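Subject: Structure for your files

Hello,

Please find the structure below, followed by notes on what was found in it.

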Amino acid sequence: MSVMGLTIRHVGEHFQQSNETISRYFCKILFILSSSPFYSTYVKMPGADDIQPKIRGDKRFWPYFKDAIGVLDGSHIHAAP
């Protein structure tokens, strides 16, 4: 759902489950992935030095992307409510 941007209705139809069941288990999985120990073990915020030197050193890119955390370090996750 998160990667493809599918609705609960589409996922429910694919797995032949009700929208309520899909929503309930999606919330459970989301809670598991965002709480300890999973989050603290596997999710690491990148440091300031993790940005590629090509972007940081180029005057055409850096003024526009310097505050775009997530886009440059790959931690951005597309989510469509």
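Helices (H or I, at least four residues) and strands (E, at least two) are taken as DSSP runs and numbered from the N terminus. This is a predicted model, in which local features need pLDDT of at least 70 and side-chain atom pairs count only at pLDDT 80 or more, while totals for chains, interfaces and linings use all residues. Residues are numbered from 1 along each chain as its sequence is written, and side-chain values use heavy atoms, with hydrogens and water left out.

Overall make-up

The chain has 5 helices and 0 strands, and its elements run α-α-α-α-α from the N terminus. Of the 81 residues in the chain, 9% are buried; here buried means under 20% relative accessible area, exposed over 50%, and partly exposed in between (1.4 Å probe, protein chains only). The accessible surface comes to about 7300 Å², and carbon and sulfur atoms account for 62% of that surface. Areas come from the Shrake-Rupley method with a 1.4 Å probe, and for residues only the protein chains shown count as cover.

Nonpolar patch

Patches are built from residues with over 30% relative accessible area and no salt bridge, joining like charges within 9 Å and nonpolar side chains (Val, Leu, Ile, Met, Phe, Trp, Tyr) within 5 Å. A nonpolar surface patch of about 800 Å² is made by Ile29, Phe31, Ile32, Leu33, Phe38, Tyr39, Tyr42 and Val43. H2 and H3 are the elements that give two or more residues to the patch. The most comes from H2, with 4 residues.

Aromatic pair

Rings of Phe, Tyr and Trp (its six-membered ring) pair if their centres lie within 6.5 Å; planes under 30 degrees apart count as stacked, over 60 as edge-to-face, and the rest as tilted. The count by this rule is 1 aromatic pair. Phe38 and Tyr42 form that pair, which is tilted, at 5.0 Å centre to centre with 40° between the planes. The two residues are separated by about one helical turn, because Phe38 and Tyr42 are 4 residues apart in helix H3 (residues 38-42). Phe38 is partly exposed at 32% relative accessibility, and Tyr42 is exposed at 60%. Both residues also belong to the nonpolar patch.

Salt bridges

A salt bridge is counted when a side-chain nitrogen of Lys or Arg is within 4 Å of a carboxyl oxygen of Asp or Glu. The structure holds 2 of them. One joins Glu20 and Arg24, with the closest N and O atoms 3.7 Å apart. Both residues lie in helix H2, 4 residues apart, about one turn of the helix. Glu20 is exposed at 56% relative accessibility, whereas Arg24 is partly exposed at 38%. The other bridge links Arg60 with Asp58, and here the closest N and O atoms are 2.8 Å apart. Arg60 is exposed at 59%, but Asp58 is buried, with a relative accessible area of 18%.

Backbone points to check by eye

Most residues other than glycine have a negative phi, and most peptide bonds are trans. The peptide bond from Ser36 to Pro37 is cis, with omega near 0°. Pro37 sits in the loop between helix H2 (19-33) and H3. Gln16, a residue other than glycine, has a positive phi near 55°. Gln16 lies in the loop between helix H1 (8-15) and H2 and is exposed, with a relative accessible area of 60%.

Regards
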